[in-house]
Amino acid sequence: MKQGTDLTGELLKAVSRSFYLTIYWLPAAMRRGVALGYMLARATDSVADTSTADSHLRQDVLQAMGRAIQGEGDEAQTQALLETLAGDMAQAQTNPAERTLLQRFGDCLRALATFPEEQQACIRRVLNTIIEGQLWDITYFREHKCVESDEQTELYTYRVAGCVGEFWTELGYAAMGSAFCAPELRELMTQAGIRYGRGLQLINILRDHSEDTARGRSYLCSAPAKWLNRADYYMNDGIDYCLRLRGFRLRFAGMLPALIGKKTIALLRRATPECGKVKIPRRAVYGCMLKAFILSIPGFGRVF
């Protein structure tokens, strides 16, 4: 797992920014699987977002990454992919950490092979769905400037983020069993996790809406206010999801993004075009951390 920089240490911290804190607080049984899933998704996202590369090339590279993650293709194909990632794709990255991540993609693949089969399957499933969403994004916006229906928005938010809530639930039960959550709540948790992930992606879409529209790509075809309300509803689902988890570290790690999301939604409701891109201040993040800490203590949050 080490080659100059630990995949789940300094490199993870460099590429994950705010999400690093969430991963750090996870119980050890889940931390490594979530971290690797994030690293793989971040690598594919870096390729998808390489605007200096032709969209057809990005499409081909993403498909090759997907096959490598699924364990498909022969050694020569995988080696060709790794050379492409470490060469032109890495050099096109403006973020040095993302450049290093693409150069280390082979280490990520080798790390995946060390997990128990059930956990490998969870990671491969979520990456397959995420890459589907990234490929749709690349191909759809070659010919369109806006989604054509709310259903397309919902499907996109599932593919790139809702499936992550599903992944957390599957991986949690696979790695921790009943110590993750009551087994009889598994389906309820799966659906709540999907809505939570969708909500987080909707917040990203709403924050970037003006910027994306100016670039000729809009993920919303109906009023943003409607989606703000839906994102708020989904954040409530996220908080409920976390309060059902067993253990302080699980609750805290899961709760923090939801509370930050709620703060961001409040700012988006008050924002004007002159405000620019909404970003919550650091003191508000600290306030969210304190609230997450209190709600995560057994007896302080709602009991299920």
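This is a predicted model: local features need pLDDT of at least 70, side-chain atom pairs count only at pLDDT 80 or more; totals for chains, interfaces and linings use all residues.
We can begin with the helices. Two packed helices are described by the angle between their axes and the distance between the axes. For helix H4 (residues 55–69) and helix H8 (residues 117–143), the axes come within 10 Å and cross at roughly 170 degrees. Angles over 145 degrees count as roughly antiparallel, and H4 and H8 are therefore roughly antiparallel to each other. On the H4 side, the contact is made by Ser55, His56, Arg58, Gln59, Leu62, Gln63, Met65, Gly66 and Ile69. Their partners in H8 are Arg124, Leu127, Ile131, Gln134, Leu135, Ile138, Thr139 and Arg142.

Aromatic rings come next. A pair of aromatic rings is described by the distance of the centres and the angle of the planes. Across the whole structure, a search finds 16 aromatic pairs. One of them joins tyrosine 20 and tyrosine 24 in a tilted arrangement, with 6.3 Å from centre to centre and 35 degrees between the planes. Both tyrosines belong to helix H2 (residues 19–25), where they sit four residues apart, about one turn of the helix. Tyrosine 20 has a relative accessible area of 21% and is partly exposed; tyrosine 24, at 46%, is partly exposed as well. An edge-to-face pair is formed by tyrosine 173 and phenylalanine 180, with centres 5.2 Å apart and planes at 65 degrees.

Arginine 32 lies over the face of phenylalanine 115, 4.2 Å from the ring centre, while arginine 230 lies over the face of tryptophan 227, at 4.6 Å from the ring centre.

Finally, consider arginine 249, which is placed in helix H13 (residues 248–270). This arginine is partly exposed, with a relative accessible area of 32%. Beyond its neighbours within four places in sequence, arginine 249 is in contact with Tyr24, Trp25, Leu26, Pro27 and Arg31. As for leucine 171, 78 residues away along the chain, its C-alpha atom is separated from that of arginine 249 by 16 Å.

Note on methods
Residues are numbered from 1 along each chain as its sequence is written. Side-chain values use heavy atoms; hydrogens and water are left out. Axes are lines fitted to C-alpha atoms, for helices over the stretch in contact, and angles run from 0 to 180 degrees between N-to-C directions. Helices (H or I, at least four residues) and strands (E, at least two) are DSSP runs, numbered from the N terminus. Angles under 35 degrees count as roughly parallel, over 145 as roughly antiparallel, 65 to 115 as roughly perpendicular and the rest as oblique. Contact means heavy atoms within 4.5 Å. Rings of Phe, Tyr and Trp (its six-membered ring) pair if their centres lie within 6.5 Å; planes under 30 degrees apart count as stacked, over 60 as edge-to-face and the rest as tilted. Buried means under 20% relative accessible area, exposed over 50%, partly exposed in between (1.4 Å probe, protein chains only). A charge sits over a ring if NZ of Lys or CZ of Arg is within 6 Å of the ring centre and within 35 degrees of the ring normal.
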